[in-house]
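Subject: Structure for your reading

Dear colleague,

Please find below the structure that I am handing over to you. My notes on what was found in it follow directly after.

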Amino acid sequence: MSGRGRGGRGGRGGTAKSFNKEQLNAMGVTGNEVLPGPVSQPPALYPMLERRPVPLNASLELDYLLILRQDFIDHMQLSGSYLNMPENKKNQPEQAIDKLVAQLPSAKEKYDWTLFPSELRPKMLAKRVKKKVVKEVNLEERLTLLEKLEEKSDEADMTANTEIKVEDEEVEEVEAVDEDEEMDDGTDYANNYFDNGEDYEDEDDNLEDGPIY
Amino acid sequence: MSAQLGKVLSLILCERFGPVVEKVGTYLFQYGTTPLLYIKRNTELPLSKVKESLCILIKYRLVSFVPNKNENVANYSLDAEKVLLMLRYPKYINLIKKKFGDESEMIIEEILQRSYWTASELILKVHERLSKNTENTVPLLELKEKFISLVTAKYLIRLPYSEGDKPIPDLKINDKELHLVPNIDIKQLINAKSSTVHDFLDRNIYWTVNFDRFHQDMRDKIIVTAFTIKFDENAGEFVKLLLQQMYIRTEPWADVSNPVPILEIKDLLKKQTREASGGSFQIYLKEAFTQFAWEIVEQCVLEKFDSKAARIFRLVKLKKYIESDQIQQLAMIPAKEAKRLSYQLLEENFLKNPRT
């Protein structure tokens, strides 16, 4: 306790001299040097500015440049190129709206995919476009086929053959779509094999509920 | 420097493209060239978002890609210079406004907003915007002329395109095609205005802004104004003519221009006092800019410190290496003050001590 009293607040300005004159001289404290008075004000919030920067000269041109800049930024922020962070899962309703908005043709950027690496293509796009095409072809051909069937029942064998051909084509197209999806994945690094263990517990629960005897 | 640059880049990206693109861009800046899956793993964003951001960055020509060893995968890298250029977009737009007028300004603005576009769609959009704002509409033909003049003056160039059907497109363009005036069918444009179906002749021909050409204009303007300030208006005018003549026989970014005969400039000035001995002049473009840079640096020192410090600074510049004793003698500044000033200059990195 006593040690604390000396070393703490009273130690420095106390009556007892802790150093003699020679020691003070060695440390650079000379006798006739005036010690700084007590500090009564708190230190400045910021260090003093040594040099002030040159003021900006406002001019019409500068204002116009600023307007142009702001216009550009506004345009970018409203365009489809401005991406916000994905929402948390708690805000479900907002997310649903986002998804709806994203499906609007104007909200999403359209790209000329010949200028981009194919691995960047979103999967949704590839699927939808191709499926639509397949369906349209089917409808038209089916209709004409049916018409033919009605009109020329004599040539039933012939039409049956063509029908089989059409179906073959269909199968081929479906296969093409599948291939595309695999291409999009690139390698199987993209697949998430991580298992957080939740499913495991679920299974356990099921077992406990278990078989009824 | 690099850390500061990274901060500036991320601010620029965030302001214009939002936080997701900013994250991807910053990652690419920090780690250099990387493939898609690395970006996905380390940014912890969903794959679709990473893909979308890369698409946006590629669209605005801020990210370039080259095929990996595995030809289905690409390596992406951020072009920091191009991101910084986004700060200059207002200047580009203003430059065109001054030189070519409001319609051309709008063309450049629309292209900068989209990064690249086809000529037909661009002209239609500008036409639509103009007819909204003003009463008297500008005919499509006039807009087409404006567009073509921007192409021939090399402010717009054609975007590199890909040939063949590789998974990672190899974007190329030969020099001839860069400034080849496109085929724009006015009739088609007029038809397209009334119908919703858009299928133009130049569907796959995209045009983009040639930043280099703008920089050339800016450089010339800086040189001319510097000469006007340093000497007088006649000198400025002379240099302007000299630069104008220079482009006839010199590459725009050469360090030193090829000689320009004085007679040509006199012809331009329509002065009939022809002398027998003409002589010719060269512009030391690079030297001029080095000189400007020095002057700015000296001005900085003068503003930050005082005229004495500027004197010391100029002395060191003149001698390249100099002892501190010599500074005191040659600058004729008392020893103590000279020491203090040179210490201040050293501390703020205006001077360098070669021994440390």
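Predicted model: local features only at pLDDT ≥ 70, side-chain atom pairs only at ≥ 80, totals over all residues.

Helix α8(B) covers residues 140–152, and at 1.5 Å a residue its 13 residues should span 18 Å.

Several residues of α8(B) are buried, namely B:Leu140, B:Leu143, B:Lys144, B:Phe147, B:Ile148, B:Leu150 and B:Val151. Around the helix axis they cover an arc of only 155°, which means that they lie on the same side of α8(B). Just after α8(B), B:Lys154 takes a positive phi of about 70°.

I turn next to the sheet of chain B. It is an open sheet of three strands in the order β1-β3-β2, with antiparallel pairing. The edge strands are β1 (34–35) and β2 (63–67) of chain B, each of which pairs on one side only.

Strand β3(B), residues 74–78, is joined to β1(B) by two bridges. In these, B:Pro35 has B:Asn75 as its bridge partner, and B:Thr34 has B:Tyr76. Five bridges join β3(B) to β2(B), and these two strands also run antiparallel; among the partners in β3(B), B:Asn75 is that of B:Val66. With six residues between them, β2(B) and β3(B) form a hairpin.

Is β3(B) mostly covered or mostly uncovered? It is mostly covered, as five of its five residues are buried. On one side these are B:Ala74, B:Tyr76 and B:Leu78, and on the other B:Asn75 and B:Ser77, which leaves both faces of β3(B) covered.

Finally, there is a residue in contact with both chains. B:Glu105 has its place in helix α6 (residues 102–114) of chain B. Its relative accessible area is 6%; because buried means under 20%, B:Glu105 counts as buried. Leaving aside residues up to four places away in sequence, B:Glu105 touches A:Tyr64 and A:Leu68 of chain A, together with B:Ile93, B:Ile96 and B:Lys97 of chain B.

With kind regards

Note on methods. Residues numbered from 1 in each chain as written. Chains lettered and ligands numbered in written order. Heavy atoms only, no water. Pairing = 2+ DSSP bridges. Helix = DSSP H or I, 4+ residues; strand = E, 2+ residues; numbered from the N terminus. Buried < 20%, exposed > 50% of the residue type's maximum accessible area, 1.4 Å probe, protein only. Contact = heavy atoms within 4.5 Å. Expected span 1.5 Å × (residues − 1). Arc of directions from axis to C-beta.
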